[in-house]
Amino acid sequence: MVLLQPWLARYAMARPNARSSHRQPTPQGGGISVVVATFVVAWGAVAASPALLQNEGGQFLALTASAALLAVVGAMDDMRSLSAAVRLAIQCIAVGALIAALPSQLQVLPQLPWWLERAGLFVGAVWLVNLVNFMDGIDWMTVAELVPVTGAIVLLGLAGTFAPWPSVVAAALLGAMLGFAPFNKPVARVFLGDVGSLPIGLVLGWLLLRLAADGHLVAAAILPLYYLADATITLIRRMVNREPFWQAHRQHFYQRAIDNGYSVPVIVAYVFVVNIVLAALAAVTVAVRDNAVSLAALAAAIAIVAWLLLTFTRARQ
């Protein structure tokens, strides 16, 4: 980041506009440091201990190549805006390559036909890539989301309840986000940018998919629930109102909170605490492995996220 900042300040400045939450021109594209650090450390772990991969080298190579493609597209978009159609087409190529590299026996819901689940995974992964990008709209927001989620996955791996290789990737991403956090703390000196948010969304989607395929479907749904709810509800509302939902806007719940008198540090503190609670609920579902407990944890998670969204829509007293 220290080496990148002068270059980003020259070639990738985010200038405030009517939809922005910042007031001063700020360099964007710092996410390249997060992506590079994550994959360098992960591949370094493979070099140190090849057994970690457990015959998943092709899958991780596909993840690396797909993330690199998204990073390149994101970098181009940070420096010179690309059309929504071009961005979506390349996202579909990257996600499609990753889905094609998954083991044929990997299924989250064996009750569904294989082709239908694969189609669902494709749509879900494309949405998650965009979702992380949409939600990265204020300082520390992605840090407040990714640190609890990846931290929970790492703890599950250490406890022996999740596969070691995805846990290593989660640990690398966690460390990279913690390293990026001081540069992005309010008021940020640099933004993540599309070069970071798009590949991070892909890696997050892969981690959640692996968690769900490992038999922890409810945990995989609970961990990103705030991001899923905020972005999905906002998208549906804009579509119902016949607004150009593919364009940048200020209608996410966390953006409405700013308009309602909440400061950025307060908003990300709310999100971080809620995500810690979600991580704890997800851990309970993994530890107990009981359908009633899992449903109760999911209901509690939905209630907590609903409370936060409603809080953000009300003027701060």
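Me: A cavity here is a set of points, on a 1 Å grid over the protein atoms alone, where a 1.4 Å probe fits but cannot get out, and lining residues have an atom within 4 Å of a point. What makes about 40 Å³ the volume of the largest one?

Reply: A volume is the space filled by probe spheres set on the points, which are joined across faces, edges and corners, and for the largest cavity that space comes to about 40 Å³. This is a predicted model, where local features need pLDDT of at least 70, side-chain atom pairs count only at pLDDT 80 or more, and totals for chains, interfaces and linings use all residues. Residues are numbered from 1 along each chain as its sequence is written, and side-chain values use heavy atoms, with hydrogens and water left out.

Me: Which residues line the largest cavity?

Reply: Val34, Val35, Thr38, Phe39, Leu173, Pro199, Ile200 and Val203. Helix H2 (31–48) and helix H8 (194–213) each give two or more of the lining residues, with H2 giving the most, four.

Me: How do you know how confident the predictor is in the chain?

Reply: pLDDT is its confidence in each residue, from 0 to 100. The chain averages 93, and 98% of the residues score at least 70. Strand E1 (residues 13–14) is lowest, at a mean of 80, and helix H13 (residues 291–312) is highest, at 98.

Notes:
On a 1 Å grid over the protein atoms alone, a cavity is a set of points where a 1.4 Å probe fits but cannot get out, and a pocket is an open set with protein on both sides within 12 Å along at least five of seven lines; lining residues have an atom within 4 Å of a point.
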